[in-house]
Amino acid sequence: MRIAVIGGGINGIMSAWSLARHRCEVTLFERGEIMGATSSASTKLLHGGVRYLEQAHFGLVRESLRERKWWIEQAPQLAHPLEIMVPIYASSRRGRWVLRLGLALYDLLSGQHTLGKTRWIEATDVHRRLPGLKAAGLKGAYTFFDGQMDDRALGLWAADQARAAGVDLRPNRAIRMVTAQGALTAEDGETQSFDRIVNVAGPWAGDLLTDSGIASQYELDLVRGSHLLVNRQMAQGVLLEVPGSTRVFFVLPYRGQTLIGTTEVRQTLDVPIECSAEERDNLIDLHNTYFDPNITVGAVTKTFAGLRPLLRSHANPTHATREYALERRDRLITVFGGKWTTSRALGDKVADLALP
C-alpha cells in the first residue's frame, strides 16, 4: 500500500514510522526542514499533562504517562526524568489538599510507568533546595516527576528510525492541494496518486483542507506558546501559578541555562510565529514575581515560540483540550490536534485507520 504523509513534525514522523512498520510504502512530504517548526519549539517536556486532570482528561493523561516512559527508555541520551517542584503560597489558588489529590491521581494513573513518586517538602527544605525562591507566604511544596528532552534532536532520532524502516523523507517539498480520492499536488504542480494520504500538517492541516475544498467537522485553535532561555543556572524544575489566574508556567533547568515558559496567545498563520516583546516582558515579570535576584532583558539569550494546534472547544485557550481527533474522507485521513508526548500512540491510531 502506497501512503503519503504530509507533515514533518513529530506527529507526521511517528505516523510514517508506524505505517512503515506495517509494511506500507511511505513517502513523507514536509514544506520546510524535518522537525523545523512547532515540534522543535516546545517547553522541552515529555509530560503526562498534570494540568489536564483539572479538565478530567483522564484517558489522555494515562496515555501520555505511558508514552513519556517509552521515549525515555528508547532514547535515554536525549530524554531523562526531571523532578518538578510545585510551591504553595498563602495566595495560591490551588491549596495543599487540592494539589495532593491531583498529584496522587497522577501517580495512580502512571501505574507501572512511573518515573518517581510525589512527595511533600517543608518550606525550610524548599529554601535549601531553591534559595532564590521568594519566602514570603511560602507554605511548602510538592514535587513530582515528568520527562525532559531535546525536542529537535529526539524528533530527528525518530526520523532516522522511520527512514531505517523504509520511509522516504522529502523535506522542502510543500503540498498545495489534496483530494479525498488519494491525489496530491505539490507547489511545482506535480501531481501524484496514493492509496492513502495522511494530512498531519499540524497547524497547517486545516488550511490544506480549505485550500483543497474539503469540508471538515473539526476546527483548530492555533495557540502560540513562547519561551525564554536565560543565562542563569537552575537547580530544580518549578511549576508556578500566574498571579491572579489559574494558568501556570514553568521555570526549568535546560542545558546549563533557565527555560521560562509558556504563554498562550491565539494567532493566525499569516503572522510570524515568534515571541513578542510583550510576551518576553511578561515572562520576565513572572519570573521576578517568584525569584531573586531579578532578571532583565539583557539576561535573555534566546526567545522561541511554537504554534499548538488545539481542537476548538472553549472560548479560553487555557481550557482548550489537548485531545486529538482523526477524520477520514475516503482515502484521505486528517489529524487534528495532538501533542509531542503522545505522537507514537497517535501514529499507531493513524495506521489502524489507514490499513484495510
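**Aromatic pairs.** I searched the whole structure, a predicted model, and found 11 aromatic pairs (rings of Phe, Tyr and Trp, the last by its six-membered ring, pair if their centres lie within 6.5 Å; planes under 30 degrees apart are stacked, over 60 edge-to-face, the rest tilted). I looked up Trp-17 and Trp-157: their ring centres are 6.1 Å apart and their planes stand at 80°, so I noted the pair as edge-to-face. This pair links distant parts of the chain, 140 residues apart: Trp-17 belongs to helix 1 (residues 10-21) and Trp-157 to helix 5 (residues 151-164). Helices here are DSSP runs of H or I with at least four residues, numbered from the N terminus. I found both Trp-17 and Trp-157 buried (under 20% relative accessible area, 1.4 Å probe, protein chains only).

**Next pair.** Trp-70 and Trp-71 are also edge-to-face, with 5.0 Å from centre to centre and 80° between the planes. Trp-70 counts as buried because its relative accessibility is 15%; Trp-71 is at 0%, so Trp-71 counts as buried too.

**Cluster.** I then saw these residues come together: Trp-17, Trp-70, Trp-71, Trp-157 and Trp-340 form one aromatic cluster.

**Charges over rings.** Which ring does the charged end of Arg-21 sit over? The ring is that of Trp-17, with the charged end 5.2 Å from its centre. I also noted Arg-96, whose charged end sits over the ring of Trp-120, 3.6 Å from its centre. For this, NZ of Lys or CZ of Arg must be within 6 Å of the ring centre and within 35 degrees of the ring normal.

**Bookkeeping.** Residues are numbered from 1 along each chain as its sequence is written, and side-chain values use heavy atoms, leaving out hydrogens and water. In this predicted model, local features need pLDDT of at least 70 and side-chain atom pairs count only at pLDDT 80 or more, while totals for chains, interfaces and linings use all residues.

Methods
Helix = DSSP H or I, 4+ residues; strand = E, 2+ residues; numbered from the N terminus. Buried < 20%, exposed > 50% of the residue type's maximum accessible area, 1.4 Å probe, protein only.
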